[in-house]
Amino acid sequence: MTTDTATEVFEEHRAVLLGVAYRMLGRVADAEDVVQEAWLRWSGADRSEVRAPRAFLVRVTTRLAVDRLRQIKARNEAYVGPWLPEPYVTEFGGAVPDAAERAMLADSVSLAVLVVLESLSPLERAVFVLREAFGYPYADIAAMLDRAEPAVRQLAGRARKHVDERRPRYDVDPVQRRDLTERFLAAAADGDLEGLMSLLAPDVRLVGDSGGKAKAPLRVLRSADNVGRFLVGTARKGVAAASFRFLELNGGPAVLVLSGDEPDSVFQLDVLDGRIRSVYVIRNPDKLRRLAGE
């Protein structure tokens, strides 16, 4: 395999590798670093011995991500305030025509699921991502992680039980989420507390991620009254030269708030039974920098 051919093969699988690494790490920069290291391993490998390049590359990427995850666990433990994943631009709506597959991919990269995955061990997280998001057989996952298949099945069972018990329930219908997001944005921007309250579930929660580098609640806000009053108060203070842009982030509609040309914050909602159950607000400038050109 020539160098040019090796590059073409790697680029063919880059999106999958980035998807694996991001779901493992929750941060685009870390995922890109892992994929770059996977390229170095691929370019230096004896590729004449590689019969299945995709399996080889996913195995290398997964092992690198497991090692990186062990390193960054301590970093997240020292994080100021609630932690949310770095927003990840997705285009499942246009790239994945099958509705069931699109919903599965969107769920696997959603903020709600990624937050829960943070509480898994690195190996549990790797097994969950490879099995649930990418559908790999247990035997293949066992080979990738150099573990016995029964042990991998046990890890998968624990991870699935943990995620099912802890993640919030929500609807994945993108049309409904987009409609509620637009109505939410209009009510919040107008300071319409009554209109906002009509959209919020009684037990709604707001999770704000600033990393201590911007203004955001340092604890999770709960109840429609607390969340509604906070949002209206924030809207009244305003953002200089504010504008809004809708994006598909983490598999669902989201609002990017700009101050001039600079990203100020991202809002995304989880919806259930026609009401807003969770409001995610990301204001950490380190996590928004990559959205400047979106």
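This is a dialogue on how to read the features of one predicted model.

Reader: What should I know about the model and its numbering?

Author: Residues are numbered from 1 along each chain as its sequence is written, and side-chain values use heavy atoms, with hydrogens and water left out. The model is predicted, so local features need pLDDT of at least 70 and side-chain atom pairs count only at pLDDT 80 or more, while totals for chains, interfaces and linings use all residues.

Reader: How many helices and strands does the chain have?

Author: Helices (H or I, at least four residues) and strands (E, at least two) are DSSP runs, numbered from the N terminus. The chain has 13 helices and six strands.

Reader: Which radius of gyration would a compact globule with 294 residues have, and what does the chain have?

Author: The radius of gyration is taken over C-alpha atoms, and the globule rule is 2.2 Å times the number of residues to the power 0.38. For 294 residues that rule gives a value near 19 Å; the chain has 20 Å, which agrees. Along its principal axes, the C-alpha trace spans about 65 × 40 × 40 Å.

Reader: How do I read burial, and what percentage of the residues in the chain is buried?

Author: Buried means under 20% relative accessible area, exposed over 50%, and partly exposed in between (1.4 Å probe, protein chains only). Of the 294 residues in the chain, 49% are buried. E77, in helix α3, counts as exposed because its relative accessibility is 67%. The C-alpha atoms of E77 and A148 are separated by 31 Å, and these residues are 71 apart along the chain.

Reader: What share of contacts joins residues at least 24 apart in sequence?

Author: Contact means heavy atoms within 4.5 Å. Among contacts between residues at least 6 apart in sequence, 66% join residues at least 24 apart.

Reader: Where is S278, and is S278 buried or exposed?

Author: S278 is in strand β6 (residues 275-282). S278 counts as buried because its relative accessibility is 1%. Leaving aside neighbours within four places in sequence, S278 is in contact with V204, R205, Q268, L269 and D270.

Reader: Which side chain is joined to that of S278 by a polar contact?

Author: A polar contact is a pair of N or O atoms within 3.5 Å; within protein, one must be able to donate a hydrogen and the other to accept it, and residues adjacent in sequence count only if both atoms are side-chain atoms. The side chains of S278 and R205 are joined by such a contact of 3.2 Å.

Reader: Where is E86, and what does its side chain reach?

Author: E86 is in the loop between α3 (53-77) and α4 (92-95). E86 counts as buried because its relative accessible area is 3%. Its side chain reaches the backbone nitrogen of V28 at 2.9 Å. Not counting residues up to four places away in sequence, E86 touches Y22, G26, R27, V28, A29, N250, K287 and R290.

Reader: Which residues have a positive phi although they are not glycine?

Author: N250 is one of them, with a phi of about 50°. N250 is in the loop between β3 and β4 and is buried, with a relative accessible area of 3%. S223 is another, with a phi of about 95°. S223 lies in the loop between β2 (221-222) and α12, and at 25% relative accessibility S223 counts as partly exposed.

Reader: How is empty space found?

Author: Rolling a probe the size of a water molecule over the atoms shows where empty space is left. On a 1 Å grid over the protein atoms alone, a cavity is a set of points where a 1.4 Å probe fits but cannot get out, and a pocket is an open set with protein on both sides within 12 Å along at least five of seven lines; lining residues have an atom within 4 Å of a point. Grid points are joined across faces, edges and corners, and a volume is the space filled by probe spheres set on the points.

Reader: How many cavities of 30 Å³ or more are found, and what lines the largest?

Author: The search of the whole structure finds two. The largest holds about 40 Å³ of space, and its lining includes D107, Y170, R177 and N250.

Reader: What is the volume of the largest pocket, and which residues lie nearest its centre?

Author: The largest pocket has a volume of about 670 Å³. It is lined by 25 residues, of which T234, A235, G238, V239 and F267 lie nearest its centre. Helix α12 gives the most to this lining, with five residues.
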